[in-house]
Amino acid sequence: MTPTSERIQHLFEACSHQEVQQWTGSITVDDLHAWLRQELGSERALDQFLPHGPLKSKAIAPQCILHIVSGNTPHAAFQSIIRGLIIGSHNIVKIPSAGLDAFTDALRHFPKPLNDLIEIHSALEDEDWLRADVVIAIGSDKTIAAIQQQIRPHQHFIAHGHKVSIAIVYDDFETAARRAARDVSRFNQRGCLSIHAIYIQGDSMRFAELLAAEMEEFSNTNPPDPTSVSEAGAIRNLRETTRFCASNDTSVHLWESKDTLSWTVIHQSDPALQLSCLNRCVFVKPLPPELDSKILGAESAHLSTIAIHPFDEAKATLLENLPAHRICSLGESQKPSLFWHHDGIAPIASLVKWKDLG
Amino acid sequence: MRISQLLSIVITHTSISETIKECIAQASNGKPLHERDFNNLALELFTYQYRENSAYKNFCDAHDKTPESINHWHDIPAVPTDAFKAESFPLTTFPLKDTEKTFLTSGTTTESRGRHHFRSTKLYEQSIISAWRELNLPNVYSSFFLIPPPHQSPQSSLSHMMGVFSDQLADQSTWLIPESGSIDLNSLTNSIKEKQAVVLLGTALSFLHLFDSMKSPIILPEGSWAMETGGYKGTHHQLSKSELHQLFNTNLGLHSDSIINEYSMTELSSQFYSRGLNCAHKGPSWTRIRVIDPITNTDAKPGELGHLVIYDLANVDSVMAIRTQDLAMQSQTRLEHENPSFKLIGRDPSALPRGCSRSSDESLSS
């Protein structure tokens, strides 16, 4: 295996290309060293035995990692592969049958030593399953359950199932609306970090109106991807059902892009977290005095991120009892740090095993 | 302006129901409701529902559609089926206290369920029988039902419909699912010993359970047929229509042309039927359909995919125009004397709740 510092240098080169950086964010060599230090105690943990209490220990990377990624966003695929590459494992990436061009195309910017560690498959053979020491799966709960059935006893399975994110706005509606429009619209809401509902302290109807204007603005500069018949049908159904409710209940209100399906904002007073049909459809709700899992309902079990505005550590800490694994600043929900604990899991530490001396 | 408006005739529940009952009766006697009469009656019914169904009126107002502003049934606003789930705003033309029957849509205990309230089920029942006759569907011989009878499942419109079949169409009826819930095959095996044609009716899922419970094939006598309905929502079954028909053939000896599919929903009062594989569903002449391309929100061209919107004159006491989440293709341009028809594709997968990754449930399906 190549020394860790070489892999870090190669990863830095790969992530310096704009085509990669748009998904990974800007990453420096120092960041990658610091990341390993945080996760494994030392950036040399994979290269040599280091003191560990009365022992000496070395981190052992899995020989082969199987990454099964979804087509929702290439983001998660990049994150997963970077984790596998930094520890020097061989990586089999199962992409959706429809492809994941933004990911596979960008791999040409990866230096050869890294590309030699990557295999892309659109279908898996038995042999591929057998080679994997670790299986990482990103997909729906149904997909995760199906994969789980294939896992052998010796394999370590890391599952990233169905997740949903929300936002809370306490003040400064104008800035919040602009940032919320970005967090809702990026990746057309297909990611785990996409905002489905925004809870507002104060005049929630006014915020919804501001958000609608910002959604229109964002849409003008960043038009959504074309929708399929099925996706368009879901938006029409949501809009018509909301129109029915709004026409009978003054607490419900609908804002929608004119003559297009570009964006939809729905104000409703029911605090229960309801899944959006995706493609830039978002619910705005008054923030209840107590926001807990019971009030949010069954979907709260799938919370990934809570984006708040203005970000305030004290306020964020008050939300720590909610099942979300991440509380961040609104506008940043779709750009998690390299250091984040994906679904609460330490992304590198969870991959390695340890060998002890003494 | 329509005749009733010109003559300032107030459309009452009695007048509109009696007119529609008469039209349905005539249709089952070989005099289908033609386009002009359908349009007039649909506009009369819209006028009535707009006036008497306040939740629907508010919805129409939100669309800027009133009885005065439209002249064609195409323009009558269609409510989405999810609107029937809004308990606070019941879609009825009568006070809820006058409800004779409420049918609920299927769903789990945690899901909200749609409610279709009936002041009377007489017109609904007439529609079931008359559609069967108007569409020249086969004789209903000795019948075996694979769903719970109406008294066991009083909130199921399907059980009610099968009860109507049993009471008014079938020569003889046997309900194969007793209180215990398991399928009792003895009566069926005894009956076919007499070599008389029989009819089996149930959901597609109930037929799968039947096939699972059979130790060996039960080849039905010549002339027998089956009617299946519904999909596999909420189950692990994913079977194509041809695979299902193959199972009918293997287990019961029935060929595709002896298998009828019924399509309807709790929110409607009329049914659509297809016979065989890859055939269009046809409805009675007091219904119309549109297939709407949701991207443009206009009519899909014949052969193109869209969402089904149904106009059902038998839905007098709720809403005539229903927007479904079922995918369909419009048949070729309908001639005046032809019944409305469409090619059903099935439930739109996006009708299911979605979140991260639910939209791309294909990681393993390469």
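**Terms and their grounds**

Colleague: Why does B:R288 count as buried?

Modeller: The relative accessibility of B:R288 is 2%. Buried means under 20% relative accessible area, exposed over 50% and partly exposed in between, with a 1.4 Å probe and protein chains only. B:R288 therefore counts as buried. Please note that this is a predicted model, in which local features need pLDDT of at least 70 and side-chain atom pairs count only at pLDDT 80 or more, whereas totals for chains, interfaces and linings use all residues. Residues are numbered from 1 along each chain as its sequence is written, chains are lettered from A and ligands numbered from 1 in the order in which they are written, and side-chain values use heavy atoms, with hydrogens and water left out.

Colleague: What makes B:E35 and B:R288 a salt bridge?

Modeller: The term requires a side-chain nitrogen of Lys or Arg within 4 Å of a carboxyl oxygen of Asp or Glu. The closest N and O atoms of B:E35 and B:R288 are 3.0 Å apart, and the pair forms a salt bridge. B:E35 lies in helix α3 (residues 35-52) of chain B and B:R288 in strand β11 (residues 287-293) of chain B, so the pair ties together parts that are 253 residues apart in sequence. Helices (H or I, at least four residues) and strands (E, at least two) are DSSP runs, numbered from the N terminus. In chain A, salt bridges with shared partners join A:R239, A:E240, A:R243 and A:E256 into one network.

Colleague: How do you know that A:R243 and A:E256 form a salt bridge?

Modeller: Their closest N and O atoms are 2.8 Å apart, and the pair forms a salt bridge. This pair links distant parts of the chain, with A:R243 in helix α11 (residues 229-248) of chain A and A:E256 in strand β10 (residues 253-256) of chain A, 13 residues apart. A:R243 has a relative accessible area of 15% and is therefore buried. A:E256, at 28% relative accessibility, counts as partly exposed.

Colleague: Why are A:R131 and A:D128 said to be separated by about one helical turn?

Modeller: They are three residues apart in helix α7 (residues 126-131) of chain A, which means a separation of about one helical turn. An α-helix has 3.6 residues a turn, so residues three or four places apart point the same way. A:R131 forms a salt bridge with A:D128, the closest N and O atoms being 3.3 Å apart. A:R131 is partly exposed at 30%, while A:D128 is buried at 3%.

Colleague: How do you know that the length of helix α1 of chain A agrees with expectation?

Modeller: The expected span of a helix is 1.5 Å times one less than its number of residues. For the 13 residues of α1 (residues 4-16) that gives 18 Å, and the end C-alpha atoms are 18 Å apart, which agrees. In α1(A), the buried residues are A:T4, A:R7, A:I8, A:H10, A:L11, A:A14 and A:C15.

Colleague: Why are the buried residues of α1(A) said to line one face of the helix?

Modeller: Seen down the axis of α1(A), they fall within an arc of 165°, so they line one face. The arc is that of the directions from the helix axis to the C-beta atoms. Their cover includes α2 (18-24), α3 (29-40), α4 (74-86) and α6 (112-115) of chain A.

Colleague: What makes A:L107 buried?

Modeller: Its relative accessible area is 6%, so A:L107 is buried. A:L107 is found in the loop between α5 (101-106) and α6 of chain A. Not counting residues up to four places away in sequence, A:L107 touches A:N115, A:I118 and A:I120.

Definitions and conventions: Contact = heavy atoms within 4.5 Å.
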